[in-house]
Amino acid sequence: MAGDGRGARAPLLECGGHAQPHKAPAARCCLWLASHINVRKCVAGVMLLSVLTIFFYTYYVTVPLTSLVWRDRVPRPLSQCSLLASDQHARDHTSDARLRIDAKVLVIVESAYSRLGRDIAELLVANRIRYKVEVAGKSLPVLTTLDKELLDKYCREYSVGVVGFATPGEETLVGAQLKGFPLFMHTNLRLKDATLNSASPVLRLSRAGETAWGALPGEHWTVFRANSTTYEPVAWAMRQNEYGSSDRVPLATVIQDHGRLDGVQRVLFGSGLQFWLHRLLFLDALSYLSHGQLSLSLDRWILVDIDDIFVGERGTRLHEEDVSALLASQAALQRLVSGFRFNLGFSAKYYHHGTPLENRGDDALLRHREHFTWFCHMWNHQQPHLYSNVSQLEAEMMLNKQFAIEHGIPTNSCYSVSPHHSGVYPVHEPLYEAWRKVWDVRVTSTEEYPHLRPARLRRGFRHRGVMVLPRQTCGLFTHTLLLERYPGGRQRLDRSIQGGELFQTVINNPINIFMTHMSNYGNDRLALYTFESVVKFLRCWTNVRLASAPPLALANKYFQLRPDELNPLWGNPCDDPRHRRIWSKSKWCETLPRVLVIGPQKTGSTALYTFLSMHPALVANLPSPTTYEELQFFNNNNYLKGLDWYLNFFPASLGNSTQMSFEKSATYFDGELVPRRAHALLPTAKIIAILISPSKRAYSWYQHIRSHGDPVAKNYTFHTIITANDSAPKMLKDLRNRCLNPGKYSHHLERWLAEYSAHQLHVLDGSLLRAEPAAAMNALQKFLKLTPHVDYNKLLKYDPKKGFFCQVTSGEKTKCLGKSKGRIYPPMEERSAKFLKRYYTPHNAALSKLLVRLGRPVPQWLKDELSNG
């Protein structure tokens, strides 16, 4: 690096004031740099908690990027904006006029391919706001045909607000909803220099006072005519003429309808969500119109990890002055982010492996070690999944820990990050075990769960006592050394900071753990520029309260906010090439089951398991020492043991390439979480449900658990259990639910069909399997597309002593199921049979309708139960 250039800084980027950008020596911090977007037409609208809304046509065009001018190679962060000295107070949208239905959003789009609709959905997903998308004209009528009075009545009755996106050429459509109101003033405009109305009650997350200098994205903006009694501007912009200059009359681009004329409050946008400021205002509109029920917390927690301390090629590592700059930047950030400290992850093997100047940089880090927080990386920066056992990992970690003790580095952070995220997800069990033994790790973070992209879907989970937090990227990687070589150019970095990806990451995530590398803090010190700039831009334009905390505290905060994420959702590492690369080479997933028999219990699932095992193309899992042929993995207890536990029942040696594995666990059928878990791991599996009369199933199950010594079943009659009311003792109610709930077949099948397509589900008639097993297995072979075709008439023979078909072994001999199968129970009491017939009639009717809808035959037992006889 000629002349080194370290410490050379360009003038601060300014924010605020009234000088025009062409007069300033550098581009303003509030300048919007538009992204390239293909021209397309879409329709979308949002209504809070309603089945109707306003929606408008929206056009997007490609606009050129505005270039920034820099004086020197090493950038300086943008300056503080004018409002930092006098903080505004964010509004609280909570009011007495609460929504009278569930707080969620309905998004109505004209087509499933609506770009604006996708943008809205992605923003709602990123902020964990519940929503539903409907396509107008399918499940909902076309809005132009709606009775406005009915819509207004609905909005008033449930205190529902409307968000609309208005663009040119649709005055007829808008007029249908806003009949008698002032409409558009101008359409198809090019605008620049956006500002917010500080007096608008809509603003909460967004902060007024600054100007977003420069051209706004798109050439088809709509501006609104507004008056002081009906409408109030939320945002303005200036009209840009063909020469690039602007008229100095502010035009309303976002307005609030106070609802004084028809009692319905609205927020209308003159363009879509491509403008970053609109994304903030959209969240504010949801908060305001929901009376605070869809308000996001203004607290944002930020932790900046610096991976690869002491790691790096010569010529890319830190010098002493870089460490001084790191400390100075940390001090500056601490004034804006309460409790902020850089978090340094070290691999001690590479200490003093640089040039003499860089070795002095290593020493400088250690001299100032008390000013930072620290975490263990790996001694030699090796990927943990390449270690085959725990002892190897423990030995490597102990080397790193010994170095920390000798050099006074704290060892009690309870946090670690794995190089390249290896072993965290997909889980490498030895890593978790070694972490706990050597470092008492209780928190880690990764970008890989459930997948690297899209980032908005990253989640947390807990495994083996370690809390795994989602980690975020800031656009800087190991190779990101110089601004002039930044991928996509300097404009891409500044666009990310100034309202773009990095800015939106902080907005959309209450807790942000950012991944950076030591090399980002030397060379052009791009990380220092990036974080100072984005923090100041956040202070310019938002009311978020920025703070930092140690990883363990952040993990506790995260799972207080997201308790539903504590349990993991295991995916198949073989389905993601990136995950396959960071998973142990000794692992396998090709033998995972492609067929699941899901039960329910006492319907003949064990007999079906036996018959399937006879087929040469199918191979069952290895038996469990506690639950025998059933693994019951997707139920809670075993699921939390991890994917390795499950894989051990399907070793690579199981079967051959022409066979496929299957698993049967009758407890899967009615497990609330089971379908989602099964689909996450086995999305292409075939699902087999075996059904008999739910009344007979309930009685058989009661007799089964009674024979196995269940104390409640032994002390109460079947009729007492099934007729127990809600005032009965808990143990009695629990047994009643376990007895009756699995028989609500349609309810449970719908849950499976929400995850799996109909062509993946086979509903097997359990009565047919008992009476004519060969016929039932023939149909099943066709469903599974098994070859060769097996004649089960030759494999099965009726055993009059057992009362069912058994496997033919040799000659006339048969091998039947155990003594617990095929028991003859005393007849069910008539009063119990009548009660169950009444209880299950609506559920049986729903099952019949479901089977007809799926094009499946309705079994005779179901026809009998629905008859009047």
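Leaving aside neighbours within four places in sequence, Y521 is in contact with V304, I306, L318, D322, L326, F342, T516, A527, L528 and F531 (contact means heavy atoms within 4.5 Å). This is a predicted model: local features need pLDDT of at least 70, side-chain atom pairs count only at pLDDT 80 or more, and totals for chains, interfaces and linings use all residues. Residues are numbered from 1 along each chain as its sequence is written, and side-chain values use heavy atoms, with hydrogens and water left out.

**Nonpolar cores**

- The largest nonpolar core holds 164 residues (a core is a set of buried Ala, Val, Leu, Ile, Met, Phe, Trp, Tyr and Cys residues joined through side-chain atoms within 4.5 Å).
- Within this core, F282, F342, F346, Y521, F634 and Y646 touch the most other members.
- Helix α11 (residues 526-541) gives the core its largest share, 11 residues (helices are DSSP runs of H or I with at least four residues, strands are runs of E with at least two, and both are numbered from the N terminus).
- Another core lies apart from it, with 27 residues, among them A607, A620, I688 and L786.

**A buried loop residue**

- N127 sits in the loop between α1 (115-126) and β4 (131-135).
- N127 counts as buried because its relative accessibility is 7% (buried means under 20% relative accessible area, exposed over 50%, partly exposed in between, with a 1.4 Å probe and protein chains only).
- Neighbours within four places in sequence aside, N127 is in contact with L283, L296, I507 and N508.

**Helix packing**

- Two packed helices are described by the angle between their axes and the distance between the axes.
- Helix α18 (residues 694-707) packs against helix α21 (residues 730-740) at about 130°, with axes 8 Å apart (axes are lines fitted to C-alpha atoms, for helices over the stretch in contact, and angles run from 0 to 180 degrees between N-to-C directions).
- That angle makes α18 oblique to α21 (under 35 degrees is roughly parallel, over 145 roughly antiparallel, 65 to 115 roughly perpendicular, the rest oblique).
- R697, A698, W701, Y702 and I705 of α18 meet L735, R738 and C739 of α21.
- The α18–α21 contact has six nonpolar, no polar and two charged residues (Ala, Val, Leu, Ile, Met, Phe, Trp, Tyr, Cys and Pro are nonpolar, Asp, Glu, Lys and Arg charged, and the others, Gly among them, polar).
- Helix α9 (residues 490-497) and helix α10 (residues 501-508) cross at roughly 20°, and their axes come within 4 Å.
- α9 and α10 are therefore roughly parallel to each other.
- R495, S496 and I497 of α9 make the contact with E501, L502 and F503 of α10.
- By class, the α9–α10 contact has three nonpolar, one polar and two charged residues.

**Salt bridges**

- The structure holds 30 salt bridges (a side-chain nitrogen of Lys or Arg within 4 Å of a carboxyl oxygen of Asp or Glu).
- E629 and K664 pair at 2.9 Å, N to O.
- E629 lies in the loop between β23 (618-620) and α15 (636-639) and K664 in strand β24 (residues 660-664), so this pair ties together parts 35 residues apart in sequence.
- K664 is buried, at 1% relative accessible area.
- R853 and E750 form a salt bridge at 2.8 Å, N to O.
- R853 belongs to helix α25 (residues 830-854) and E750 to helix α22 (residues 745-753), so the pair ties together parts 103 residues apart in sequence.
- R853 is exposed at 54%, and E750 is partly exposed at 37%.
- D440 bridges to R442, with the closest N and O atoms 3.3 Å apart.
- D440 is partly exposed at 33%, and R442 is partly exposed at 31%.
- R128, R459 and E565 are linked in a salt-bridge network.
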